[in-house]
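Hi everyone, thanks for making time. Let me put the model up on the screen, and then we can walk through it together.

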Amino acid sequence: MILRELLHKIPVLETFGNFDSEVSELVFDSRKVTEGSLYIAIKGTVSDGHSYINSAIEKGAKTIVCEVLPENLTEDINYIQVKNSSKTLGKLASNFYGNPSENLKLIGVTGTNGKTTASTLLFDIFKNLGYQSALISTVEYRIGDEVIPSTHTTPDVIRLNQMLAKAVEKGCEFAFMEVSSHGIHQDRIEGLHFAMAGFTNLTHDHLDYHKTFEEYLKTKKRFFDELPETAVAITNVDDKNGNVMLQNTKAKKKTYALKTLADYHGKVLEVDFNGMLLNFNGKEFWTTLTGKFNVYNLLLAFAIAVELGFNEEEVLQSISTLKRVNGRFETLKSDGGIFFVVDYAHTPDALENVLDSINEIRTKNERLITVFGCGGDRDHDKRPEMGKIATRKSTLSIITTDNPRTENPTEIIKEIEAGVEPQNFSKFTVIPDRKEAIKMAIKFAEPKDIVLVAGKGHETYQEINGVKHHFDDKETIIELYKLMSK
């Protein structure tokens, strides 16, 4: 692409060089520079890309975009000085790939919990309705029928535009994506044109990164503040932060709720492990998904589909055929009558929601055994909170490892234990090895008991000392149950 075209509508402070030169690709990692690349120097949290400008030139970069110009400019190299490299990268990426987010309807879903489920439900709803779509989620990326392994909840903005351009090329009319707080804060959605934004909820998470809840809230709110007038913002007003998201947005405002008045209102009529009978906006339907948190996810997906112009009955008919999202309240029933629930719940709110949903279904004659842990190198404050919730709402809790990463698993478990209330000391045990913890839960369980294995959901690995080892909760349950039932 010609540099002059690439810089269309991008504000620059100072330029040097030939604007009619060709740019072969965009790169912000100097190690990936190839001949003819445009290298953009970004000031990161760990290192400053400006330190690698000379290295990028040596590898073949012909254009440098930066906030601070080098003291000595290299001959035959184009230099472009901008105010903010990170934000500029998003606009450059959109231009380079033909502004794909303007050539389909891009819908972003943000919040602490429910992003993956709501985004995946939308992809599946629209597939049932006969539309080609793209999905960008924690679990996987999909472009029509093509499945691409996921690397981040919100990929970098170059990768995002690459995938969206491919989606446009394949004839996709819609793209549904999770929008993480990290992605917003790190400008990974800069330059994208959103047709719609959905908000699920906001609870205690990622404070290792954002430091305070207020900063976390402001980051999520920024997504809505920057929506254009042509967009639609849909928020959950049962969450106290739902209306906060709408305060300064220019977008058309819509709401959904189960407990309060809203544009889209839902009600639970019946619920068990096989599914739920629901009522959305006065219309009854059955879904195989279960749990109150899933009612909110379905209601958001319903609201988004209707706001995109689809008939309510048509959308509900599509919803009634949906299957559960991988690792989100997935249930398995053993031959011996034990119910297993595998869920990604790894925050206090998510764990409480899953436990509450199970307790609403069970008759209290069955015991509820919960296996869970907390991730390492993440927010420490949520660990005691999760210990308190699990032991308060379960018959027995088995505290184990999640992804300890580079932390000592024993120290993580001690922080979880610190939250257990004195009256619940007899309701938990510690088994650091996750496989052994699941094995103990199976051994302890009797027919009709419920075993919740929480924290990893769809993940097929366990990260210990920075190394990822294969580990799949669902696979482990099936393997151990078969071995133990022989």
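Predicted model: local features only at pLDDT ≥ 70, side-chain atom pairs only at ≥ 80, totals over all residues.

Residues are numbered from 1 along each chain as its sequence is written, and side-chain values use heavy atoms, without hydrogens and water.

Five strands form an open sheet in the order 1-5-4-3-2, with mixed pairing. Strands here are DSSP runs of E, at least two residues, and helices are runs of H or I, at least four, numbered from the N terminus; strands pair if DSSP finds at least two bridges between them. Strand 1 (14–16) and strand 2 (26–27) are at the edges with a single partner strand each, so one side of each has no neighbour in the sheet. Further in, strand 4 (residues 63–66) and strand 5 (residues 78–81) run parallel, joined by four bridges. For example, V65 has I80 of strand 5 as its bridge partner.

Now, which helix gives the most to the lining of the second largest pocket? That is helix 3, with three residues. A pocket is an open set of 1 Å grid points where a 1.4 Å probe fits, with protein on both sides within 12 Å along at least five of seven lines; lining residues have an atom within 4 Å of a point. Of its 21 lining residues, K91, E190, G191, L192 and H193 are closest to the centre.
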